[in-house]
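Subject: Structure handover and notes

Dear colleague,

I am handing over the structure we spoke about, and my notes on it follow below. Please read them with the coordinates open beside you.

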There are 2 protein chains.
Amino acid sequence: MKIGIKDVAKKAGVSSATVSRTLSNPELVTENTRSKVMEAVNATGYKPNRFGASLRTQKSGNVVVVMPDITNQVNASIIRAIEREAMDAGYSVLLGDTQNSEERERHYGEMVLSGQADGILVFTPRLPFELGNLTKLPAIVNSCEEIDHADVCKVTIDNEAGAITAVEHLISLGHTKIAAIKGPSLTPSTRDRLAGYKKALQKADIPIDEKYIITGDYGVESGIAAMEKLLKLKSRPTAVFCFSDDMAIGAMNTLRENEYNIPQDMSIIGFDDISYASLMSPKLTTIKQPLEALGRQCMKTLLKLMKGQQPEQKVMQLPFELVVRQSTAAPKAGT
Amino acid sequence: MKIGIKDVAKKAGVSSATVSRTLSNPELVTENTRSKVMEAVNATGYKPNRFGASLRTQKSGNVVVVMPDITNQVNASIIRAIEREAMDAGYSVLLGDTQNSEERERHYGEMVLSGQADGILVFTPRLPFELGNLTKLPAIVNSCEEIDHADVCKVTIDNEAGAITAVEHLISLGHTKIAAIKGPSLTPSTRDRLAGYKKALQKADIPIDEKYIITGDYGVESGIAAMEKLLKLKSRPTAVFCFSDDMAIGAMNTLRENEYNIPQDMSIIGFDDISYASLMSPKLTTIKQPLEALGRQCMKTLLKLMKGQQPEQKVMQLPFELVVRQSTAAPKAGT
DNA sequence: AATTATTTTGTAATCGGTTTCATCTTTTCA
DNA sequence: TGAAAAGATGAAACCGATTACAAAATAATT
């Protein structure tokens, strides 16, 4: 039989109010009664029912995380950091793997509207709910894919600058025939990285060749396919900037299958620095995203929002880093 | 201002009971009133408060997933399948990344005791709560690492048979100097795979050399370190069975650093078949775990348990599969 | 010692749904 | 047509905590 606060109160010879106070505001209770209560709590093994409390306090103690694919290393690393921060702050995290389905996004978005969660972390480029009836935004933090809404707090890296850094690295090695394997056109991260790619080329007076720009979906398979397309070109690039490590890994795979040597025949640079990047052969040069820090900062910002405070800045940018490994080198002489 | 069921009832000109019925048991309500209610629901944008309902029904609609590391591809794939099944069944999943901390395990374990979740999926080898005061077990399903408790439902693969298959593959290629990079000694999966390793060797009359058995922790780094140890041996193995793909990837890394050719100089076989296994160079031969199916089946079993039914079998084993790729071959002549 | 201020505790209202039970309608069937 | 059965609806109890408010106990002040 399930024991409730009443049972504990009876056992301790106090009212349920006192039990509640002992558990959530011990300082309001006499040392003496407190110990009586705690004894009863331990004896009965009482665990407060969250719903009773949540109903009264209007706080769920939950946050939702909306991600397109938890299987993705980038997302997994971020959510791990989130979970840790959340637990430390006394929150539980509801996992929303949306598989890019808008319906699923809305499903999880509703949770925060219906009070099932106190805040929401969104890693997709859309708001997961209508703001139609909303008088004010719920506690929401956005990362990875920028949501087009000025009032939403964002934790990101400077994607354009990251791309510029990547391409300039290639240029500094002597490459001029630099292709890009980008993500889906409508994702903000791709938009910004593509802008960076073009800016870096322009700055170096390298003409932009649209045939060198292939669209993928950030996944391995699309990297494989994209590289196959690039290899069919009459004038092949000597270096490729991939907008994700997964696509870079796919691209390298295609290169290996076709007996190209990396980086001698073609340089590859990725983006993200997932853990497998340094385990490839050759080890992948890439732009490192601070995944842990991203996750932590997202949760910290959300925590602040849930306390009713506003963070100092609506948009917070964390530093990225160029990690040079083995997959990039100067182009072969004469290409 | 937050709108509740009363507001909707007023607007629709019915009682709150009718609104509730319309939403959760439409068949109890007249077509006519139903449409009146739905109209009011849509007009107000009413979202039922979960806690009110949960409090009354004693159902949270949540399940907890307790995993040692969500960053791990194996876990990520499984939880993804779980989330999908859960959502389809109307449940939300609470993520518990425990980082091998028993304290964190208990934290999440309590959720199911306190009613914050209706069921729990455990991927660690321990029960995440005391069964002291419990009259009966909560709805719990266990996978990946076997919990030592007869009444807990388990969804697994046959780890021993998997290991036997792996080692016999190596033996069939002509290897006799077969090392093992195993997981932590106290994990049941390692215990079973190690037993399989030994059985396969014994069956082929190959003596077991304890120096050939190195302990890792299933992670990449430990695979790197383990292979370094193996390379220091006077009589080096010609093949290594790694108890996880991650350790295999680490081991291959060490081999490459030391300019060994895989599989010519040494064959490597992994376990799991994570997505990166086929992206390594050479592509990793491995024992494929049906990760998706494992996740789905776990959730299905839990669903049954939460409905108060018992699954046909306490232990359900799913089929594994040997996937031969490029990292295994016959040993070089004369070694 | 009497009065006032402060601290502790208890009573009861409250959060927002669901569900039992009674009542009122409608349908079925003799 | 009338009685019985079935169906739809509403009133109110209920789930289990928190907390405003009142009352009681204790401490402080004069």
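A strand here is a DSSP run of E of at least two residues, and strands, like helices, are numbered from the N terminus. In that sense D272(B) lies in strand β9 of chain B, and its phi is near 130°, a positive value in a residue other than glycine. Since 20 or more other C-beta atoms within 10 Å make a residue buried, D272(B) counts as buried because 26 lie within that distance. Please keep in mind throughout that this is a predicted model.

Chain A as a whole

Chain A holds 11 helices and 12 strands. Its radius of gyration is 26 Å, whereas a compact globule of 335 residues would have one near 20 Å, and along its principal axes the C-alpha trace spans about 90 × 40 × 35 Å. Of the 335 residues of chain A, 50% count as buried. Among the contacts in chain A with a separation of 6 or more, 69% are accounted for by residues 24 or more positions apart.

The sheet that runs through both chains

An open sheet of 12 strands, with mixed pairing, runs in the order β11(A)-β5(A)-β4(A)-β3(A)-β1(A)-β2(A)-β2(B)-β1(B)-β3(B)-β4(B)-β5(B)-β11(B). At its edges stand β11 (315-318) of chain A and β11 (315-318) of chain B, each with a single partner strand, so one side of each is left without a neighbour in the sheet. From one strand to the next the twist averages 20°.

Where the sheet passes from one chain to the other, β2(A) and β2(B) (residues 92-97 of chain B) run antiparallel and are joined by three bridges; V93(A) has L95(B) as its bridge partner in β2(B). Within chain A, by contrast, β3 (residues 119-122) and β4 (residues 139-143) run parallel and are joined by four bridges, with V122(A) standing opposite N142(A) in β4(A). The helix α5(A) packs on the sheet, where it touches β1 (62-67), β2 and β3 of chain A together with β2 of chain B, and its direction makes about 175° with that of β1(A).

The contact between the chains

Chain A and chain B each bring 37 residues to the contact. On the side of chain A that touches chain B, at least two residues come from each of α4, α5 (73-88), β2 (92-97), α6 (102-113) and α10 (245-257) of chain A, and α5(A) gives the most, with six residues. By class, this side of chain A has 15 nonpolar, 15 polar and seven charged residues.

Backbone details to check

In chain A the peptide bond from I262(A) to P263(A) is cis, with omega near 5°, and P263(A) lies in the loop between α10 and β9 (267-272) of chain A. Another cis peptide bond joins S281(A) and P282(A), with omega about 0°; P282(A) lies in the loop between β9 and β10 (285-288) of chain A.

In chain B, P263(B) lies in the loop between α10 (245-257) and β9 (267-272) and is buried, with 24 other C-beta atoms within 10 Å. Leaving aside its neighbours within four places in sequence, P263(B) is in contact with P282(B), Q326(B), S327(B), T328(B) and A329(B).

Finally, Q99(A), in the loop between β2 and α6 of chain A, has a positive phi near 50° although it is not a glycine, and with 15 C-beta neighbours inside 10 Å it counts as partly exposed.

With kind regards

Key: Residues numbered from 1 in each chain as written. Chains lettered and ligands numbered in written order. Predicted model: local features only at pLDDT ≥ 70, side-chain atom pairs only at ≥ 80, totals over all residues. Contact = placed C-beta atoms within 7 Å. Nonpolar A, V, L, I, M, F, W, Y, C, P; charged D, E, K, R; others polar. Pairing = 2+ DSSP bridges. Axes fitted to C-alpha atoms, helices over the stretch in contact; angles between N-to-C directions. Rg over C-alpha atoms; globule rule 2.2 N^0.38 Å. Buried ≥ 20, exposed ≤ 12 C-beta atoms within 10 Å, placed from the backbone.
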